[in-house]
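Take a moment to look over the picture, then follow the points below.

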Amino acid sequence: MSKVAIRINSADVVAVALQPLASGTKVTLEAMDNVKEVTVTLQEDITAGHKFAIRDIKKGEAIIKYGYPIGEATEDIKCGTHVHTHNIHTLLSESFTYSYNEANAKKAYEAWYKESENLRANVPTVKVYKRADGRVGSRNEIWIVPLVGCVNKISENLAAWANGKFLAGEAKPSIEGGLEGVFTWTHPYGCSQMGADKETTARVLADLVKHPNAGGVLVVSLGCEENNIPYFKQFLGEYDENRVKFMVTQDFEDELEEGKKLITELVDYVSKFKREDAPLSDIVLGMKCGGSDGMSGITANALIGRICDAMTGMGGKVMLTEVPEMFGAEQMLMNRCIDKTRFDNTVNLINGFKDYYARHNQVCYENPSPGNKAGGITTLEDKSLGCVQKGGKAPVTGVLKYGERLTEKGLTLLEGPGNDIVSTTDMTAAGANIILFSTGRGTPLGAPVPTVKIATNHPLAQKKHGWIDFDAAAILDESSDAVRDRLLKQICDIVSGREITKNEKNGYREIAIFKDGVTL
């Protein structure tokens with residue numbers, strides 16, 4: 001690594017250490033735009049991912065990173081000293097007025113569309129499963145969906161039996177096709193819920209039943225729960241009886257034998273599907289960050305942003321969620337909304353989540369986490385500006401409510417919290433076939449769909465190679481285009497069944513449903 005520190009934007013008053021730097025080290029930051037090269041002598045030890053001042057900063061002055069304020073200095077800060085939680089506080093508040101210039105947004109969209117012409121003309125081909133509803137799947141699995149937590153263990157036992165009988169206990173994707181695994185999505189809900197919470201549980205589980213990565217589905221009910229089969233079918237809508245089977249466990253003397261019979265029928269149905277050629281733009285891509293650090297917005301999220309630009313430029317569908325981690329960076333996204341309707345929907349998305357915090361008497365900026373801070377993230381603005389790098393430069397073409405399914409091409413903002421399991425479930429329910437998940441601290445978590453773990457730094461990628469699929473820190477050493485193309489090829493290989501992600505290999509796949517109400 002030739003660089004030891006980076007100034008991300010020419011307007012920045014801080015730089016980020018790319019490796020541990022000792023006090024007394026002279027750091028030269030290259031010229032950017034009309035800003036000259038500058039050399040800073042460090043006055044303190046600086047941990048990798050952490051910030052240091054590149055000029056004297058006065059108390060009350062805005063701290064600029066990514067070209068935007070990430071907070072305000074709480075004391076005078078000398079050039080070359082550490083800039084972090086001890087001398088910055090957030091500038092966020094619960095209320096803010098947003099602006100929108102539709103003419104500028106239209107010009108930006110037209111320029112982006114023209115720049116993407118070559119991408120649309122050269123869309124890679126992948127091998128996927130084509131479904132009756134026109135969507136495609138990157139996997140051909142049987143999913144067991146419990147309607148209530150009471151039947152979780154029954155569902156798990158059935159999945160274990162099926163994988164042992166039909167796949168010799170080793171579920172994995174295949175380039176040819178056929179059954180690739182049997183999985184169950186356990187959760188604690190489906191009863192003792194009312195109103196919106198009960199509806200949310202039913203809606204998200206229905207989204208999972210409809211998901212194109214599932215060639216067949218067994219829906220398991222206890223029988224007396226509030227989210228019973230007649231209630232659930234209101235959210236499911238039309239379905240193929242060959243693809244979706246239902247079992248009410250209270251109706252059978254031996255529910256396991258009945259479940260095995262239904263799964264055997266599904267195996268016969270699912271095994272007939274084979275992979276077919278399709279453009280990569282048919283795939284739905286989700287983007288997520290978790291266990292972030294000060295490198296996230298510089299390496300992994302920036303790289304994912306380039307993938308987002310490529311996928312949307314090809315005419316694909318990409319989604320970005322974690323609404324609380326847009327606070328402080330939301331105006332950047334609003335400026336890219338393709339029309340006033342999308343802008344208004346984005347404002348409602350942001351303010352709706354702020355209202356959610358207010359209803360629970362919590363401040364909207366109670367973030368980042370202790371791990372984020374240890375990794376160099378100071379305020380929520382700092383975290384958010386790094387987080388939204390995943391959206392690249394793509395125009396915002398859609399805004400979805402929690403539990404809705406993605407239909408529009410381009411970059412869609414999806415309502416959902418920052419919590420890793422809830423947000424990956426949210427994107428899966430919305431239709432993501434694959435999720436790019438950046439991490440600076442490391443996390444083993446995986447969604448029901450392939451979850452590509454992308455490390456922000458070399459040490460993490462080396463230490464936790466059993467979790468990590470891609471090392472984005474390579475973007476500091478190589479051409480960003482070359483690294484992007486390498487990751488894009490890996491995405492194609494994963495989607496096509498030529499490669500398995502670490503979360504799939506380890507069996508780290510789970511769901512969590514958003515809850516905002518009482519438990520009876």
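In this predicted model, helix α4 (residues 195-210) and helix α12 (residues 420-430) have axes that come within 8 Å and cross at roughly 55°. That angle makes α4 oblique to α12. Two further helix pairs follow, and then the pockets and a cavity.

**How α4 meets α12**

- The crossing of α4 and α12 is left-handed.
- On the α4 side, the residues that take part are Val204, Asp207 and Leu208, and they meet Thr425, Thr428 and Ala429 of α12.
- Sorted by class, the residues of this contact are 3 nonpolar, 2 polar and 1 charged.

**How α3 meets α6**

- Two packed helices are described by the angle between their axes and the distance between the axes.
- For α3 and helix α6 (residues 255-270), the axes come within 10 Å and the crossing angle is roughly 50°.
- An angle counts as roughly perpendicular from 65 to 115 degrees and as roughly parallel under 35, and α3 and α6 are therefore oblique to each other.
- The crossing of α3 and α6 is right-handed.
- From α3, the contact uses Ile154, Asn157, Leu158, Trp161, Ala162 and Phe166.
- Facing them in α6 are Glu255, Leu256, Gly259, Lys260, Ile263, Thr264 and Val267.
- The contact of α3 with α6 divides into 8 nonpolar, 3 polar and 2 charged residues.

**How α7 meets α14**

- Helix α7 (residues 300-313) and helix α14 (residues 480-495) cross at roughly 70°, with axes that come within 10 Å.
- The pair α7 and α14 is therefore roughly perpendicular.
- Which hand does the crossing of α7 and α14 have, left or right? The crossing is right-handed.
- Helix α7 brings Leu303, Arg306 and Ile307 to the contact.
- Helix α14 brings Ser480, Asp481, Val483, Arg484, Leu487, Leu488 and Ile491.
- By class, the contact of α7 with α14 holds 6 nonpolar, 1 polar and 3 charged residues.

**The largest pocket**

- The volume of the largest pocket is about 1000 Å³.
- Its lining is made of 36 residues, and those nearest the centre of the pocket are Ile298, Ala302, Arg306, Gln389 and Lys393.
- At least two lining residues come from each of β1 (5-6), β3 (26-29), α1 (102-115), α7 and α14.
- The lining of the largest pocket has 19 nonpolar, 8 polar and 9 charged residues.

**The second largest pocket**

- The second largest pocket holds about 440 Å³ of space.
- How many residues line the second largest pocket? There are 22, and Asn163, Val182, Phe183, Gly507 and Arg509 lie nearest its centre.
- The lining of the second largest pocket is made up of 8 nonpolar, 5 polar and 9 charged residues.

**The cavity**

- How many cavities of 30 Å³ or more does a search of the whole structure find? The search finds 1.
- About 70 Å³ of space lies in the largest cavity.
- The largest cavity is lined by 14 residues, and the closest to its centre are Asp293, Ser296, Ile377, Lys383 and Gly386.
- Helix α11 (residues 380-387) gives the most to this lining, with 4 residues.
- The lining of the largest cavity splits into 4 nonpolar, 6 polar and 4 charged residues.

Key
Residues are numbered from 1 along each chain as its sequence is written. This is a predicted model: local features need pLDDT of at least 70, side-chain atom pairs count only at pLDDT 80 or more; totals for chains, interfaces and linings use all residues. Side-chain values use heavy atoms; hydrogens and water are left out. Axes are lines fitted to C-alpha atoms, for helices over the stretch in contact, and angles run from 0 to 180 degrees between N-to-C directions. Angles under 35 degrees count as roughly parallel, over 145 as roughly antiparallel, 65 to 115 as roughly perpendicular and the rest as oblique. A crossing is left-handed if the near helix is turned anticlockwise from the far one by less than a right angle, and right-handed if clockwise. Contact means heavy atoms within 4.5 Å. Ala, Val, Leu, Ile, Met, Phe, Trp, Tyr, Cys and Pro count as nonpolar, Asp, Glu, Lys and Arg as charged, and the others, Gly among them, as polar. On a 1 Å grid over the protein atoms alone, a cavity is a set of points where a 1.4 Å probe fits but cannot get out, and a pocket is an open set with protein on both sides within 12 Å along at least five of seven lines; lining residues have an atom within 4 Å of a point. Grid points are joined across faces, edges and corners, and a volume is the space filled by probe spheres set on the points.
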